Amino acid sequence: MSIGNLKTYGNKGNNFPFQLATLKGLALSQCQKLQEFEISDPTSGGLKTAINLTLQSYPDSYLVSKNVIYDGTNYIAFITLATL
């Protein structure tokens, strides 16, 4: 892996941060323990609080994706969490 191996600045040729991030991304893509949540609330502030409570309920999980839509009456969040 030579991407990020720049000797002009930063870690002076050390590309360990890039390699680590790449390996973590590969590990996340191979996760088999995915959990999906659908959270809705009529206010955006209430939805934010509900999302934060959900994330705090699963401290060993990583946020894979989060989509928020508004259907005219409710804000709806679709959240996917992964456990390595």
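**View 1. Aromatic pairs in the predicted model.** Across the whole structure of this predicted model, a search returns 2 aromatic pairs. One of them joins F37 and Y58, with 5.2 Å from centre to centre and 45° between the planes, a tilted arrangement. F37 belongs to strand β1, whereas Y58 sits in the loop between α2 (44–57) and β2, so the contact ties together parts that are 21 residues apart in sequence. Y58 has a relative accessibility of 32% and therefore counts as partly exposed.

**View 2. The pair of Y70 and Y75.** Y70 is partly exposed at 47% relative accessible area. Y75 is also partly exposed, with a value of 26%.

**View 3. Strands β1 and β3.** Strand β1 (residues 33–41) runs antiparallel to strand β3 (residues 75–83), and 9 bridges join the two.

**View 4. Strands β2 and β3 and their hairpin.** Strand β2 (residues 62–70) pairs with β3 over 8 bridges, again in the antiparallel sense. Within this pairing, L63 has L81 of β3 as its bridge partner. The hairpin of β2 and β3 has 4 residues between the strands, and G72 in this hairpin adopts a positive phi near 105°.

Key
Residues are numbered from 1 along each chain as its sequence is written. This is a predicted model: local features need pLDDT of at least 70, side-chain atom pairs count only at pLDDT 80 or more; totals for chains, interfaces and linings use all residues. Side-chain values use heavy atoms; hydrogens and water are left out. Two strands pair if DSSP finds at least two bridges between them. Rings of Phe, Tyr and Trp (its six-membered ring) pair if their centres lie within 6.5 Å; planes under 30 degrees apart count as stacked, over 60 as edge-to-face and the rest as tilted. Buried means under 20% relative accessible area, exposed over 50%, partly exposed in between (1.4 Å probe, protein chains only).
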